[in-house]
Amino acid sequence: MDKSKLPRLQNMKKSKRIRSSTYYQFFNKNQDTQRNNTQKFDQSGIKAYKLLSIQEGISTNKAKNLIDSGVVQVNGVRLEIARTLLGRGTKFKIIEPKQYIIFEDFNIIVIDKPYGIESYELQNQYAPYKLINRLDRDTSGVILLAKNEETRLKAIDEFKAQRVDKIYYALVDGKISEEREITSNISVESRQTSKRAILSEFGIKACTIIKPLAIIGNKSLLEICIPTGKTHQIRIHLASIKFPIIGDVRYNKTHSRKAKRLMLHCHKTSIFGNEFVSRLDVYDEFGIRG
């Protein structure tokens with residue numbers, strides 16, 4: 001073998017080792033970059049409605065509707081926004097609303113509405129009966145449907161004449177120790193997919209009477225009477241005096257907006273000389289039983 005070629009061969013081997021080492025370093029660096037990118041993706045999470053869709057084996061539209069209706073919880077707290085980014089290991093709890101018939105005769109049917117259901121959904125379920133009163137989706141309690149047009153029109157007259165008594169329970173932020181009356185006028189702003197109440201001197205007169213039933217820590221359980229019935233009346237009136245309802249994602253700006261539900265319940269409605277009472281135990285439902 002020509003020894004004059006040895007240095008060249010050694011250089012070639014050395015060059016191969018260098019190229020191999022460079023490739024190894026590049027390959028490892030590329031793998032590290034991909035791993036880091038994956039970790040970043042995992043940390044940023046996946047949209048809640050997509051994750052719920054995967055876990056429950058349902059369409060993304062149905063998953064989004066469940067979240068929007070307020071019946072999906074994470075760690076005991078209602079999931080507010082369907083597009084919230086969550087870790088892939090997040091576990092959901094879906095609350096199954098249960099409704100009960102409180103009373104029924106030839107003219108009227110009275111339902112104990114759970115939270116998370118629109119009033120018009122109940123009307124569709126009990127078609128062809130028509131709603132006499134309505135409750136917000138996130139408010140539970142007594143709701144009435146007329147079985148005939150004569151009864152519906154009579155009920156409308158009763159409401160207009162303010163001969164209908166309605167009693168609500170609400171759990172609010174802060175300590176209220178005495179009865180109060182709130183009479184701020186209310187206007188309603190219509191948005192693309194929802195409505196929002198605002199206080200305005202040019203609005204419609206509204207009256208909310210609140211009576212404290214119990215103080216639990218820094219919270220108060222209230223009995224509320226509303227001679228008038230405007231959109232979001234109780235919610236905006238309580239927020240206006242700095243005692244917002246716990247779980248109210250629209251009008252409560254404090255940390256207590258994060259709760260399993262809106263802590264507002266229509267306990268009793270009196271009309272046509274009859275008194276219809278919800279069977280829900282708010283102490284258990286609101287988690288305040290001692």
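A: Strands here are DSSP runs of E with at least two residues, numbered from the N terminus, and two of them pair if DSSP finds at least two bridges between them. Bear in mind that this is a predicted model, where local features need pLDDT of at least 70 and side-chain atom pairs count only at pLDDT 80 or more, while totals for chains, interfaces and linings use all residues. Numbering starts from 1 along each chain as its sequence is written, and side-chain values use heavy atoms, with hydrogens and water left out.

Let's start with E14 (residues 208-216). It runs antiparallel to E11 (residues 180-182), joined by 3 bridges, and Glu181 has Ile209 in E14 as its bridge partner. The E14/E15 hairpin has 2 residues between the strands, and Gly217 takes a positive phi near 65°.

Now the rings, which pair if the centres of Phe, Tyr or Trp rings (six-membered ring for Trp) lie within 6.5 Å; planes under 30 degrees apart are stacked, over 60 edge-to-face, and the rest tilted. That rule gives 1 aromatic pair. Phe103 and Phe276 have ring centres 5.3 Å apart and planes at 40°, so they're tilted. The pair links distant parts of the chain, 173 residues apart: Phe103 sits in E6 (residues 100-104), Phe276 in E17 (residues 274-277). For exposure, buried means under 20% relative accessible area, exposed over 50%, and partly exposed in between (1.4 Å probe, protein chains only). Phe103 is partly exposed at 29%, whereas Phe276 is buried at 5%.

Note on methods
Helix = DSSP H or I, 4+ residues; strand = E, 2+ residues; numbered from the N terminus.
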